[in-house]
Amino acid sequence: MRRLHFRIMIGVLLFYAFYPLTWFLFRRPSEALKRSVPQSVNGTTVWDGDTFTLRSIQSETIMQDQSGEMKERLKEPVPQENTPSPNRDEENLPAVLQKDMKNDAAAQTTDMQTTVEEEREDPKMGDGEKVVLHDIMHDNQNEKEISTSSGDNVDGILKILTLDGSMEKTNCPEQNRSKTENRKEMLQASDADTSKSPDECWDDYIVTTGPGLAQEVFCPQWSFPAASYYTTVEPTVPFEVMWRVWEDVDADSESVLTPITIKTASLDFTVMSYNILAQDLLELNQHLYAHCPLEVLQWSYRCNLLLKEIEKWAPDILCLQEVQENHYHEHLHPVLSQRGYICVYQRRTGTKTDGCAVCYQSSRFAEAAVSKLEFFRPETGLLDRHNVGVVLLLRPLVTTEAEVKEAGPPLCVANTHLLFNPRRGDVKLAQLAIMLAEIDAVIKSCKARGEHCNVVFCGDFNSIPHLPLYQFITTGELSYQRMPTWMVSGQEDLSYKPSYHRLFAPLWPSCLGISDTCQYTTDINKTRSQNSGTRGYSHEFMLQLRFCPVACVRPENLVLIPGVTDIKPDTSEDAQSYEKRFRDCLKHQVDLESVYKHVLPGSGFPEVTTLHSEGGTTVDYIFYSPKRPLTKKQRAYKTSGGKGLKLVGSLSLLSEDLLWSLNGLPNHIFPSDHLSLVARFQLELDDA
């Protein structure tokens with residue numbers, strides 16, 4: 001055993017003694033590896049892409065184990081021409097070396113193993129760039145040799161002693177690209193060398209160190225894309241979503257028949273009509289607002305939003321409906337008075353706590369007359385509902401040389417809230433007739449003084465656009481005979497019912513004092529006695545009430561006096577004459593037009609002014625007397641330009657879908673179940 005160890009030691013010493021000599025005598029430099037002298041770039045000596053070529057001469061040593069069987073010869077295939085595979089060569093080199101080690105360990109269990117790791121930095125390489133080569137050498141193992149390019153550009157010979165089959169690689173993309181090019185070049189050179197000695201088996205393994213041994217390679221950091229697929233948006237100034245926008249009237253839409261006149265003085269004013277939803281009515285109909293958060297239903301919250309909205313649009317004339325009396329006196333009127341408004345309020349009759357209010361800027365208008373109307377007329381048997389209206393006659397104010405004076409034609413402003421009941425179209429027409437009769441009386445009073453009176457008629461009419469009541473206002477005529485009462489407003493479709501009430505002439509009794517042309521029958525119907533005393537009405541007016549149905553009903557406790565209380569009036573003649581006078585077609589003499597067209601431009605969806613849990617529709621309107629083009633007769637007599645109001649612009653309305661996207665009405669933006677209507681008009685001061 002000792003002799004065996006002694007022989008092994010002598011063999012190792014001889015190997016280390018003769019290996020350098022053998023390598024020096026039998027080395028054959030490759031012509032392909034000869035390069036020129038390195039060039040100088042930016043003051044740094046660089047290589048032009050030289051690489052080390054590791055050639056392994058694999059001997060045909062036969063490994064024999066204890067049983068004497070022959071082992072397989074380990075042989076690495078030579079890469080084919082024009083199809084080099086550097087990656088495959090690098091993968092096969094460690095595998096071959098590992099197989100040699102395993103076979104040696106099985107054959108000789110007493111072999112001595114020596115592992116030496118050598119790291120050497122080439123002085124021409126960049127900072128941190130190294131070549132690390134490892135190998136494991138055993139007895140009777142394949143001889144290794146390393147050939148480098150000849151010339152003065154080689155400092156020394158790198159000794160490969162022990163290699164575990166792995167080689168350090170750099171992860172630089174530029175180096176990898178250079179490796180591929182160098183491998184192709186060196187494989188072609190190695191194929192040329194192996195063709196000279198066909199009796200030997202050469203395996204070329206290429207180890208590269210980048211573009212050059214002395215070139216400093218910069219590997220930029222990888223830039224990964226952002227986590228989001230969308231581009232980074234620079235922060236911008238927060239913007240406010242304007243749910244309602246101001247729309248100016250297109251000048252091209254005006255009629256071509258309107259004469260071109262010299263520019264005259266004019267007054268622009270803004271009108272707002274708003275049903276603000278009385279808190280008492282909200283609490284009585286909570287099922288209509290089940291979709292709303294509780295905080296938006298509180299009056300304190302809604303009142304703040306309401307006052308802010310009024311302040312934002314700053315109307316010169318403000319018409320409000322469903323104004324609760326205590327809220328008007330405690331909250332609304334004090335604030336509006338501080339903002340320069342003068343208000344007229346009329347509460348509903350009966351047990352209702354809300355009413356209508358008309359407010360105007362004292363710096364823009366002066367009040368000439370006011371009429372507070374109550375629609376509850378129990379003597380008629382028809383008007384038994386507690387709705388009201390307000391009619392004002394205002395005169396524009398103009399400031400000239402620090403002096404404020406009245407100028408221009410007067411303006412009649414009317415505000416009302418008609419009955420809601422969809423089935424009582426007859427009552428709605430009678431209430432509307434009272435309003436139109438009062439407006440007509442105001443216009444006549446102005447005409448008697450030689451003045452033209454313009455009209456703005458606002459309110460909640462509880463009627464759908466383009467249906468009979470709406471048509472009656474805008475066209476001035478309505479044929480109502482045998483018309484179903486529910487069809488007047490169109491709020492509900494009751495056509496499925498087998499029977500329903502219909503309209504017949506006359507719509508209201510003669511005691512109402514209003515004709516079928518929506519005018520007072522006599523000029524003294526509304527004339528109040530200026531004399532002192534208990535009489536509130538004239539004798540002529542009281543005579544017209546003698547044939548009313550209420551007057552024909554005998555009181556229960558009336559004392560029977562022969563010749564006095566026992567006489568029943570004969571109403572047949574007067575009733576028949578009145579029925580003959582009252583035609584089956586209603587008319588009125590007030591020229592009115594709606595500010596809104598009731599269809600959203602572009603989309604074609606219907607506009608909505610009110611919305612609750614049962615749906616949304618349009619019931620609120622601003623009607624005005626427009627400036628009409630001259631007729632042929634007026635042009636023949638060379639009459640001046642048409643008189644009336646010119647619509648300048650209006651606040652746009654919204655669709656039902658958009659309002660539901662805001663969680664319906666009321667919400668955190670709009671404080672009522674109605675939207676405000678805002679319009680701007682131009683009044684020529686020379687039209688008086």
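Tutor: Leu392 stands opposite Val413 in β16. This is a predicted model, in which local features need pLDDT of at least 70 and side-chain atom pairs count only at pLDDT 80 or more, while totals for chains, interfaces and linings use all residues. Residues are numbered from 1 along each chain as its sequence is written, and side-chain values use heavy atoms, with hydrogens and water left out.

Leu392 is also the bridge partner, in β14, of Val370. Strands here are DSSP runs of E of at least two residues, and helices are runs of H or I of at least four, numbered from the N terminus. Two strands pair if DSSP finds at least two bridges between them. β14 (residues 388–400) pairs in the antiparallel sense with β13 (residues 365–374) over nine bridges, and with β16 (residues 411–417) over six bridges. With β15 (residues 403–406), β14 pairs over four bridges, again in the antiparallel sense. There, Thr399 has Val404 in β15 as its bridge partner. Two residues lie between the strands of the β14 and β15 hairpin, where Glu401 takes a positive phi near 50°.

β14 is mostly covered, with 10 of its 13 residues buried. Buried means under 20% relative accessible area, exposed over 50%, and partly exposed in between (1.4 Å probe, protein chains only). In a regular strand the side chains alternate between the two faces of the sheet.

In the neighbouring strand β16 (residues 411–417), Cys412 is buried, with a relative accessible area of 0%. A search of the whole structure finds zero disulfides, a disulfide being a pair of cysteine sulfur atoms within 2.5 Å. For Cys412 the nearest cysteine sulfur is that of Cys453, 5.1 Å away. Cys511 is buried too, with a relative accessible area of 8%.

Now the core. A nonpolar core is a set of buried Ala, Val, Leu, Ile, Met, Phe, Trp, Tyr and Cys residues joined through side-chain atoms within 4.5 Å. The largest one has 59 residues, and Phe269, Ile317 and Phe681 touch the most other members. Apart from that core lies another, of 48 residues, among them Val442, Val455, Tyr470 and Leu586.

Lastly, two strand pairings elsewhere share Gly649. Strand β24 (residues 646–651) is joined to β8 (residues 246–248) by three bridges, and the two run antiparallel; Asp248 stands opposite Gly649 in that pairing. Four bridges join β24 to β25 (residues 677–684), also antiparallel, and here Gly649 stands opposite Arg680.
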